[in-house]
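Take a moment to look over the sequence and the fold before reading on. The paragraphs below walk through one part at a time.

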Amino acid sequence: MHSYLKLLQPKIQDLSELVSSTLNMDITVVDSNFRRIAGTGDFFEQIDTQSPKISIFGEVLKTGLPAVNNDKHQNKICRKCPSFPTCFEKKNITLPILIREIPIGVVSLACFTEDQLQSIYGRESECQSMLRHMKKVIENEIVGLELHNKIISHKAELNEVINCIDKGIIVIGEDFAINHINSAAITNLDLNMSKETIINSKLNKIISGIKLGIHENVESLAYWNLKNKQYKVIYKINRIILESKNHFTIITFDTIKEMINKVIDYKDKKCYYFFFNNR
């Protein structure tokens with residue numbers, strides 16, 4: 001899961017800079033492998049380096065609970081940290097980044113100067129609120145990235161399946177845009193276009209004459225028009241819902257020409273079989 005934080009590193013750094021300039025505090029984000037993903041001020045030079053595992057970050061990653069450290073000298077965890085002798089933090093607030101309640105990183109605000117320390121007094125709740133908002137933005141970005149990757153994964157799996165079928169298959173989404181089209185569909189309809197050109201195009205921009213309101217899994221005869229050509233087809237429609245909760249319509253078809261070729265091919269094979277098995 002931590003790899004998502006690395007993928008979002010430029011966005012997280014921009015967000016850290018924004019929050020840091022707003023609060024006049026230093027901000028850092030560390031993933032569950034203790035790699036520093038983003039940082040401002042004194043943390044900036046430490047981006048992509050390892051943070052100590054025995055630390056406030058380690059404790060927050062372990063418990064999944066926020067931590068406020070007001071005095072490192074009185075904090076047992078801080079005193080065990082290998083960076084303790086050279087650490088100049090006067091105060092920090094650290095929140096876990098949670099996905100499905102699992103800590104996958106932390107976001108932390110730190111004061112290094114007396115001015116920063118005095119600034120946080122009287123507005124600590126504002127600082128914590130801003131930090132919680134930043135954490136939520138990161139969590140939402142990761143959930144969105146996960147969902148996108150799941151949809152891409154579903155598309156790859158679906159493409160692999162439909163390309164193994166000798167019937168033409170077109171899959172459209174709720175917006176009537178073409179999500180998938182297999183090789184048989186491109187060949188049978190003589191589509192002189194690449195898959196990349198067809199994908200995301202509206203169905204009626206490519207083919208007219210398809211009635212999507214017919215009963216599911218019932219074969220229908222129709223004439224489809226593509227540019228200056230007309231095709232006589234037998235097709236049926238099925239509807240599915242993928243894990244992402246999106247509805248898709250699957251159009252399965254054969255052109256009459258292709259069906260005749262299949263019959264001829266089948267008869268030729270039968271004749272061939274009959275001839276060689278009756279000699």
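Which residues have the most contacts inside the largest nonpolar core? They are L5, I12, V29, L109, M134, I138 and I142. The core has 26 residues. Keep in mind that this is a predicted model.

Where do these core residues come from? Helix 6 gives the largest share, five residues. Now pick out M134. Setting aside residues up to four places away in sequence, M134 touches I12, L15, S16, V19, I27, V29 and V107. There is also a second, separate core, with 24 residues. Among them are I186, I210, L212 and I214. In soluble globular proteins, nonpolar side chains tend to be buried together.

Next, turn to helix 3, which spans residues 56-63. Which of its residues are buried? The buried ones are I56, F57, G58, V60 and L61. They pack against several strands: strand 1, strand 2, strand 3 (67-69), strand 4 and strand 5. They also pack against helix 4 (76-80). Just after helix 3 comes G64, with a positive phi of about 75 degrees.

Now look for aromatic rings. How many aromatic pairs does a search of the whole structure find? It finds three. F43 and F112 form an edge-to-face pair. Their ring centres are 5.3 Å apart, and the planes make an angle of 70 degrees. This pair links distant parts of the chain, 69 residues apart. F43 sits in the loop between strand 2 and helix 3. F112 sits in the loop between strand 5 and helix 5 (114-120). Both F43 and F112 are buried. Elsewhere, W224, Y235 and F253 form one aromatic cluster.

Zoom in on one pairing. Strand 8 and strand 9 (residues 229-241) pair in the antiparallel sense over seven bridges. Here W224 stands opposite Y231 in strand 9. K229 also lies in strand 9. Is K229 buried, exposed or partly exposed? K229 has a relative accessible area of 44%, so it counts as partly exposed. Apart from neighbours within four places in sequence, K229 is in contact with D190 and W224. D190 and K229 are 39 residues apart in sequence, yet their C-alpha atoms are 9.4 Å apart in space.

Finally, check the confidence. The protein averages a pLDDT of 82, and 82% of the residues score at least 70. Where does pLDDT stay under 50? That stretch is residues 259-279. For these residues the model has five contacts beyond four places in sequence.

Key: Residues numbered from 1 in each chain as written. Predicted model: local features only at pLDDT ≥ 70, side-chain atom pairs only at ≥ 80, totals over all residues. Heavy atoms only, no water. Pairing = 2+ DSSP bridges. Helix = DSSP H or I, 4+ residues; strand = E, 2+ residues; numbered from the N terminus. pLDDT = per-residue confidence, 0-100. Contact = heavy atoms within 4.5 Å. Core = buried A, V, L, I, M, F, W, Y, C linked by side-chain atoms within 4.5 Å. Buried < 20%, exposed > 50% of the residue type's maximum accessible area, 1.4 Å probe, protein only. Phe/Tyr/Trp six-rings, centres within 6.5 Å; stacked < 30°, edge-to-face > 60°.
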